[in-house]
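Welcome, and thanks for taking a look at this one. Below is a short tour of contacts, charges and backbone details, with the cut-offs given along the way.

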Amino acid sequence: MTDIFNNLSLGFSVALTMMNLFYALVGALLGTLIGVLPGIGPLATIAMLLPFTFNLPAVSALIMLAGIYYGAQYGGSTTSILVNLPGEAASVITCLDGYAMARQGRAGPALAVSALGSFFAGCSATVLIALFAPPLSELALQFSAVEYFSLMALGLVAAVVLAHGSLLKAIAMVFLGLFLGLVGADVNSGLLRFTFGIYELSDGIGVVVIAMGLFGFSEIINNLERRETRVVLHAKVQKWMPSRDDFRASWKAVLRGTTLGSFLGILPGGGAMISSFASYTLEKRLAVDPSRFGKGAIEGVAGPESANNAGAQTSFIPLLTLGIPPNAVMALMLGAMMIQGIAPGPQVMVERPELFWGVIASMWVGNLMLVVLNLPLIGIWIHLLSVPYRLLYPAILMFCCIGVYSLNHMALDVALTAVFGLLGYVFIRLDCEPAPLLLGFILGPLMEENLRRALLLSRGDPTVFFARPISLGMILLSGLLLLLIIIPAARRKREEVYRKE
Amino acid sequence: MPIKIRSPKDLYAGLLFLFFGVLAMGMARNYPMGSAVRMGPGYFPSILGGCLTVLGMAITARSLWLVGGKIKPPVMRPLLLVLGAVFAFSFLIEAQGLLMALLALIAVSSLASWEFQFREVIFLYLLLAALSVGVFFYFLGLPFKVWPI
Amino acid sequence: MKWICLLARLVLVAVPLLSYVCSAFAQSYPNKPIRCIVPYPPGGVVDFHARIIGQKLSESWGQQVVIDNRGGAGATLGTALAAKAAPDGYTFLVVSPSHAINATLYKKLTFNTEKDFAPVTQLTSAPLILVVHSSVPAKSTKELIALAKSKPGQLNYASSGSGTSTHLAAVLFTTMAGVDIVHIPYKGGGPATADLLAGHVQMNFAGITLLSHIKSGKLRALGVTTAKRSMAIPDLPTIAESGLPGYEVDAWYGAYFPAETPREIVSKLNKEIVKILHMADVKAHFASQGAEIVGNTPEEFAVFTKAEIDKWAKVVKDSGARVD
């Protein structure tokens, strides 16, 4: 115990210097701005800032980069709630109930709960990292392709739970998403699939492209049809503090989300992405009245946001302890560390303890700064909403288009976003929900990749999925969840049919 | 004998899924299949396509006896203008640069609003152009082509 | 009439004089920002190379070098863009060995790797390291080959993707050694490393990023792929020395101009980059990535490029990897 205490005091002594505090603040601020601008992800910012970090001492550079990273998570939920525009894949879930709350004039509580939940999650995840980083990473390594596949399968079943309309259509949307996810080069063979000869599609369709088109653009078109003058019609939004009821409803969701996200973020295969989806499903399953979800249930914001942020923090673990970046942003940070002459891996904790613990301590500092920054900003965002819609939506379109273009410098991406906007519009008309599609899109290629890899590693032995305990557990859980969904649905359908006759 | 379509929403949704399912299966046939335990690139998509086709057929069939909602007729103006604006942006951004692409985007999409006011749009364009060049080009250093030349 | 002759004579003198003066002005390249195309998304090794060089170039030439990341399609998208760029010296390309590999890996490229580029210089040379998991009972390349021969089809190697240099380095190894080790492709180096650390795959050809794990004992390095030992890990023998003579793979990075770029400009950039490469801090930066500077002449680099294209052509055929 005293060991931890010593380490933490070392860490804080590093994190709390004026210089590092400054860099943490810069990082958090930049990150929030980047997160709010739809489409521009942390990747572009970090790439741009990298040269500056060459000249900074290693710890300060990492602190700033880390601040940008989770600052972006905070910022991304802002646009999801306010204008149904997910800043990145993980914020999509927040669109579901967050935007609904905004339309009811409750954007303030939604944003506040999101910020506070994220703060709690960030702090708890940091504690987890401080205490358990090495053993957690060992645990994470137990996950092989077999377990990843079963996890994805579980995630897909959970995707169906996301829907609140027709079950059959939700399942079809998941499959459609799976199909769209397969566009591009196949990992195992290199073959280009479903690209129609368009070379630019060989890396697949970007998740931001789909998310923005399906959620953001279609919503704008819809709003224009409904002739809205203001996005929020009855904007009694002076209050941004959540009510006591809100707190009571959300605190358990925050706890559950934090736990879920903390665990999923450790997985080097990028579990952080699905942590928000998983949390939403969990909350919906556990809720007394699941039909509230999708219409402004605050748990649907509190849980996923906490899960998201917890996952973002714990995804530092594979980076710091194993030197494995779980996503592109972390890869950049890895590169930054190497430029500074630090070879990341298990040795970092031992050889450069002030680096390791300094970064961890600054995560607390960063989270605190973010919540202090974001809460007052809520008032500003709300005022932004009262700009007449006819002026607001072209601005939103502009940020989206530039954002999407800046991802890969491909005009095709922007055009594709428009195509998905059209598709999203059609889906809204046909009562098909886009969220299951997006989840299928994200999980599909991962599922296939891991399935094939698992079979390759086991030399074609399919029983391996049931032989390994973690995998078996998840498959059983999927089966159970499936039954839990189908049985009540079947019963409902039977009742409807009886009522007709 | 005329078939009564009880749920137009389901009908078109079903047909849409059917279309994608058949497309998936059709294209996947050109990729090597492999076997169930050594899957080739065509295996998974074929199965997906198959499931999607089945689901599409089920939903289409269901539309014939289960009562669902009528589809609200699409309002063409906002749809075409917003999408058109974005397409225009994507065409113009590389050839003509940010300022021109933005002009097309703002101008065309603003037309979609019934509250369109010419002077406002000009002002909005100038503001957004300045903002975007400032933030994206100067501050973030993203290498765009800004001017049409 | 006389003054017309005088005028004609003046013109005849003036024109060559003027053109000489004009070409002297043309020597003032660069007089506007230069674009460096990196055909990968930001943050990778190629990107770092380009940024370091670019920063120094900006300083010494007084003109901004803008890094243009055009990732996609295994680096072919960005490369195609560079091939089609105007050969005026204001666009150059930085690549990795994938450049040579793609020449034969992709059947439908919109550019010709050999003809559409003017080599400037080879920036660095780096080894890949043959790494095995600590559970593998082989302490040298020779032992590994013997182990693999005794267990055909039972061992696995990871790669960062089908057709990448880590994949093809392994294919060259298995063909030359005559062993049957199963290829398990991953999406990038990170996931490959993760499974290697966990022991799900037994070996991998990787860059120097795994040094920390090698030191901690989780992984064991058997050899470097280059012909000479690496200065960063001088104790590690080359694969050629330790069991597979003749084996050589170089993870190199180089710069190219589009094909018709004037010789003087190519030469100018070459000299400047070579100068930059020899700066102490640049050398140190690259060394931290395990890369050693090269900085050869355009002619030498052209020969090297051709040799690489030919070498990888054979390996691509042997591996059966295909993209379109």
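Is C:Arg70 buried or exposed? C:Arg70 is buried, with a relative accessible area of 14%; here buried means under 20% relative accessible area, exposed means over 50%, and partly exposed lies in between (1.4 Å probe, protein chains only).

Before going further, a word on conventions. This is a predicted model, in which local features need pLDDT of at least 70 and side-chain atom pairs count only at pLDDT 80 or more, while totals for chains, interfaces and linings use all residues. Residues are numbered from 1 along each chain as its sequence is written, chains are lettered from A and ligands numbered from 1 in the order in which they are written, and side-chain values use heavy atoms, with hydrogens and water left out.

## Salt bridges

C:Arg70 has a charged partner in C:Asp68, and their closest N and O atoms are 3.3 Å apart. That makes a salt bridge, defined as a side-chain nitrogen of Lys or Arg within 4 Å of a carboxyl oxygen of Asp or Glu. C:Asp68 is buried too, at 3% relative accessibility. Over all chains, the whole structure holds 22 salt bridges. Here are some of them.

| Pair | N to O distance |
|---|---|
| A:Lys169 and B:Asp10 | 2.8 Å |
| C:Arg70 and C:Asp68 | 3.3 Å |
| A:Arg193 and A:Asp186 | 3.8 Å |
| C:Lys311 and C:Glu308 | 3.9 Å |

Helices (H or I, at least four residues) and strands (E, at least two) are DSSP runs, numbered from the N terminus. C:Lys311 is partly exposed at a relative accessible area of 25%, whereas C:Glu308 is buried at 5% relative accessibility. In chain A, salt bridges that share partners link A:Asp186, A:Arg193, A:Glu448 and A:Arg452 into one network.

## Where chains A and B meet

The contact (heavy atoms within 4.5 Å) involves 70 residues from chain A and 68 residues from chain B. Together the two chains bury about 6300 Å², of which 80% is on carbon and sulfur atoms. Buried area is the accessible area (1.4 Å probe) that two parts lose on being put together, summed over both.

How many salt bridges are there between chain B and chain A? The count is two salt bridges, and one between these chains pairs A:Lys169 with B:Asp10. Nine residue pairs across this interface are in polar contact (both at pLDDT 80 or more). A polar contact is a pair of N or O atoms within 3.5 Å; within protein, one must be able to donate a hydrogen and the other to accept it, and residues adjacent in sequence count only if both atoms are side-chain atoms.

On the side of chain B that touches chain A, two or more residues come from each of α1 (8-28), α2 (43-62), α3 (76-95), α4 (98-110) and α5 (118-139) of chain B. The largest share, eleven residues, is given by α1(B).

Helix α5 (residues 92-103) of chain A has twelve residues and spans 16 Å from its first C-alpha to its last, close to the 16 Å expected at 1.5 Å a residue; the expected span is 1.5 Å times one less than the number of residues. Why is α5(A) largely enclosed by the rest of the structure? Ten of its twelve residues are buried, among them A:Val92, A:Cys95, A:Asp97 and A:Tyr99. Just after α5(A), A:Gly105 takes a positive phi of about 85 degrees.

Most residues other than glycine have a negative phi. A:Asn84 has a positive phi, near 60 degrees, and sits in the loop between α4 (58-83) and α5 of chain A. A:Asn84 is buried at 7% relative accessibility. A:Arg459 also has a positive phi, near 55 degrees, in the loop between α19 (434-457) and α20 (464-467) of chain A. A:Arg459 is partly exposed, with a relative accessible area of 37%.

## Chain C overall

Chain C has eleven helices and eleven strands, and 56% of its 324 residues are buried. Its C-alpha atoms fill a box of roughly 100 × 40 × 30 Å along the principal axes.
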